[in-house]
Amino acid sequence: MSSVASAQPSEIFLRRGLALAETVLTAAFVVCLAMTISRWMDRGPTGALVPALLAALSLGLRHLCSHILQTTDQRAARNVSRTARLSVWIARLGHEWPRAKSRDMSGHDRTVLDLSLALEGRAARYDTARFQAMTAPVILIAMAALFSPVCAAILTGAFVPFILIMAVIGLGTRDAARRQFSTLSRLSALFYDRLAALPLLSAFEAGPHQTRSVGAATQAVSASTLSVLRIAFVNAAVLEFFAALSVALVAVYCGFSLLTLMPFPVPETLTFAEAFACLALAPEVYAPLRRLSAAYHDKEVAEAADSALNPLMTAPSPAPTQKLAAPPSVTFEAVCLGFDDDPDAQIGPLSASVAAGGILALTGPSGSGKTALLRTLIGHGRVTSGRLIINAEPFTRAPDLSADIAYIGQTTPILSQSLRDNLTLGQPVAETTLLEALSLCGLLPQWQARGGDTQLSGDRHGFSGGEARRMGWVRALLKPAPLLILDEPTADLDPDAARDFIRVLKRLREGRTTLIATHDPRLAALAGTE
């Protein structure tokens, strides 16, 4: 289990204590029931009253322990799932900004949700079932040995080969379960992606092709599921065979012993109560193994989910930090950029420079590396060769200047917070400064109509795309950063909005070094004006 998805020691101790209590109370109920029957036969109903009451008490306590254990297991499962999601989202914060092109994270969030929910089965069922499978058979066989060592030997003799066969089957179950989980995850992501793009697919009449794609993925899930089911059926057959065999052998032995028809001498003479207790304990020896077998698939699915979640739970190592006290000069000297997902791909060499407080406009066709070059300033680019020089000081790798950068891109993400928090991003800002920025960016009417405490959500909560872009302008105005990065800030804007941005840019660039990646000739013309 991953470290972030582990239960607390006190919680583990409680669950294991309840599991042990449930096993002990099961044995106590069987013994009391055997005594009740024996005394009823010897002394009548009056003589069986006390053991009958004890049997009822032990049965009630067993059900109470079982209920508390299930409740505790479910709570632990929810905590594991919630902790995993929180760890992923915390690790993700600050490591996807700015993006070359903003993308909808809903599909990613959906995948994280599915993976985290897959952890619940192990915490809710497998962990407890595994502990009971390790302890309950030992306790119950030891209890049977008190009444009949021969019955205990029969149970042990059938138990050992069963464990060996189950271990062999378990190796195949692991691979099959992981294949099934992988294909199911791909189908879930594919279906969600196609559902989100349904209007586009309908407009281009791509439905039949996408239907075939989803159908092929569904067939892969079906094949992998059938593979898991075949192993599960074999697993169940082996379990039931040995369980039935052990119970049958104990029943035959106890019956022949009570009838004194044993064909060979045995070192014991069983009473009815002892024989009944052994026969009642025999199926209980295998009951925890049935629960473990049913929960084994949950464990394999959870391990596959762990493998997918663990990389997402680890935040990238922070790049060296460099605090800027004033607008810096920036020079890219024959910089070549590499990509982690494609080691053979490379952009560069690229060279550019801007003086402190100046404007650098990066132009060129799409894919030429404009955005990738800007991303190196916050440690998101992998510089394979060349030098990045800031304030005449060379760096062997890109420094993390996130705290000193104000950023405006093609789209503006909306957080599930209030309008004020979306604009200030939690930083203290004077009310007059905020209102001035809103007025300059053309958002003051929306602020006055909605109010700063209006709660927004990821669907922009009624804001148009252009209004969301203006929110990004306000964010950049309110952040006192000496370095301003603009990634295609006028892309997809109508002419009026583009003119408004150029007007706002005159204020944005004051006291900052500005780097712009753009295809807009009006923005490119600003370079070198100072």
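The structure holds eight salt bridges, a salt bridge being a side-chain nitrogen of Lys or Arg within 4 Å of a carboxyl oxygen of Asp or Glu. This is a predicted model, in which local features need pLDDT of at least 70 and side-chain atom pairs count only at pLDDT 80 or more, while totals for chains, interfaces and linings use all residues. Residues are numbered from 1 along each chain as its sequence is written, and side-chain values use heavy atoms, with hydrogens and water left out. Helices (H or I, at least four residues) and strands (E, at least two) are DSSP runs, numbered from the N terminus. Buried stands for under 20% relative accessible area, exposed for over 50%, and partly exposed for values in between (1.4 Å probe, protein chains only).

**Salt bridges**

- Aspartate 73 forms a salt bridge with arginine 15, with 2.7 Å between the closest N and O atoms. The pair links distant parts of the chain, since aspartate 73 belongs to helix 2 (residues 49-92) and arginine 15 to helix 1, 58 residues apart. Both aspartate 73 and arginine 15 are buried.
- Arginine 420 and glutamate 431 meet through their side chains in a salt bridge (2.9 Å, N to O). Arginine 420 lies in helix 10 (residues 419-424) and glutamate 431 in helix 11 (residues 431-441), so this pair ties together parts that are eleven residues apart in sequence. Arginine 420 is partly exposed at 28% relative accessibility, and glutamate 431 is partly exposed as well, with a relative accessible area of 36%.
- A salt bridge also joins the side chains of aspartate 500 and arginine 470 (2.9 Å, N to O). Because aspartate 500 lies in helix 14 and arginine 470 in helix 13 (residues 465-478), the pair ties together parts that are 30 residues apart in sequence. Aspartate 500 counts as partly exposed at 22% relative accessibility, whereas arginine 470 counts as buried at 14%.
- Arg470, Asp500 and Arg503 are linked in a network of salt bridges.

**Strand 8 and its partners**

- Strand 8 (residues 513-517) has five of its five residues buried, so this strand is largely enclosed by the rest of the structure. Thr513, Leu515 and Ala517 point one way from strand 8, while Thr514 and Ile516 point the other way.
- Strand 3 (residues 359-362) runs parallel to strand 8 and is joined to it by four bridges, where two strands pair if DSSP finds at least two bridges between them. Leucine 360 has leucine 515 of strand 8 as its bridge partner.
- Strand 7 (residues 483-487) likewise runs parallel to strand 8, with five bridges joining the two, and here leucine 515 is the bridge partner of isoleucine 485. The chain crosses from strand 7 through helix 14 (residues 495-508) to strand 8 in a right-handed β-α-β crossover, meaning that, with the strands pointing away from the viewer, the path from the first strand over the helix to the second runs clockwise.
- Threonine 514, which lies in strand 8, counts as buried at 1% relative accessibility. Leaving out residues up to four places away in sequence, threonine 514 touches Val354, Gly358, Ile359, Leu360, Leu484, Leu486 and Arg509, contact being heavy atoms within 4.5 Å.

**Strand 6**

- Strand 6 and strand 7 pair in the parallel sense over four bridges, with isoleucine 408 standing opposite leucine 486 in strand 7.
- From strand 6 (residues 405-408), Ile405 and Tyr407 point one way and Ala406 and Ile408 the other way, and all are buried.

**Proline 327**

- Proline 327 is found in the loop between helix 8 (272-313) and strand 1 (330-339), and at 27% relative accessibility it counts as partly exposed.
- The C-alpha atoms of proline 327 and proline 482 are separated by 4.6 Å, although the two residues are 155 residues apart along the chain. Leaving aside neighbours within four places in sequence, the contacts of proline 327 include Pro482, Arg512 and Thr513.

**Helix 1 and cysteines**

- Helix 1 (residues 9-43) has 35 residues and reaches 49 Å from its first C-alpha to its last, close to the 51 Å expected at 1.5 Å a residue, the expected span being 1.5 Å times one less than the number of residues. Glycine 44, whose phi is positive, near 90°, follows helix 1.
- The structure holds zero disulfides, a disulfide being a pair of cysteine sulfur atoms within 2.5 Å. Cysteine 65 is buried, with a relative accessible area of 14%, and cysteine 441 counts as buried at 0% relative accessibility.
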